[in-house]
Structure formats: structure tokens, C-alpha cells
Amino acid sequence: MALNLNKNLKLYYSIKEVGEMFGLNESTLRYWEQEFPFLKPKTTGSAKIRQYQEKDIEQIRLIHNLVKVRGFKLAAARKILTQNKTGADKKADVLESLIGIRSELQALKRHLDLL
């Protein structure tokens, strides 16, 4: 069996790290935990320090895509995710790919304009 060098070795992320990944405030993440019942990061100790795993970050990615990127209200995003989570996940992946392609094309256009 080959060694997977691309595997992420970090198991848990703090709320600050997750907020920085998505450009969100910590209070927004805490609020989303109240609004989306399936978003439950692990908490430790009496201080209730949140520890986000990859599955939690994937759920936040979906919520972020629906609310911040596509402009859905929280109730609509919650309804979409409870009724058709796989469809929302596929749409988020496609949108993310398209945004990346657009960025590459814009960089290519800037390069060609300089020629």
C-alpha cells in the first residue's frame, strides 16, 4: 500500500481556523450551529471548546455556498439541505469548479492582453 502524501494530517480545527477558511466571524459559525441542527462540532471540557472535523467543514462549505455565495435565506438553505443534501452538494462542487475556471480564464486574458 502506497503512502498518501496529500492526506490532511490535522483531525480537528478551531472555530477561528474554520472562520478564516470561509471568511466568517466566529459568531456566524455559532449562529449557524443553532440554525442547522446537523452542524454539531465536537466540544471539549467545561469551556465547550469547539473542534471541527472534516465532515463539519464540509457541511459549513455547503451552508456557506447556499447563504453567502448564492444568496439564499437561512430558512431556504436549511430546507434545501434537509430535503436534497446530495443535490446541493453536487451544485456546490460545480459552482466551485466554475469559479476556479473563471479565475484561470481571467488570468489567461490578462496575460494575453500584455502580449
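A residue is called buried under 20% relative accessible area, exposed over 50%, and partly exposed in between, using a 1.4 Å probe and protein chains only. The structure is a predicted model, in which local features need pLDDT of at least 70, side-chain atom pairs count only at pLDDT 80 or more, and totals for chains, interfaces and linings use all residues. Residues are numbered from 1 along each chain as its sequence is written, and side-chain values use heavy atoms, leaving out hydrogens and water.

A nonpolar core is a set of buried Ala, Val, Leu, Ile, Met, Phe, Trp, Tyr and Cys residues joined through side-chain atoms within 4.5 Å. The largest one has 18 residues, and those touching the most other members are V18, L29, W32, F36, Y52, I60 and I63. At least two core residues come from each of α1 (15-22), α2 (26-35), α3 (54-69) and α4 (74-83); α3 gives the largest share, six residues. Helices here are DSSP runs (H or I, at least four residues), numbered from the N terminus.

W32 has contacts (heavy atoms within 4.5 Å) with L24, L39, I60, I63, H64, V67, K68 and L74, leaving aside residues up to four places away in sequence.

Six salt bridges are counted, each a side-chain nitrogen of Lys or Arg within 4 Å of a carboxyl oxygen of Asp or Glu. One of them joins R78 to E35, with the closest N and O atoms 2.8 Å apart. Because R78 lies in helix α4 and E35 in helix α2, this pair ties together parts 43 residues apart in sequence. Another links K10 and E17 at 2.4 Å; K10 is partly exposed at 36%, and E17 is partly exposed at 28%.
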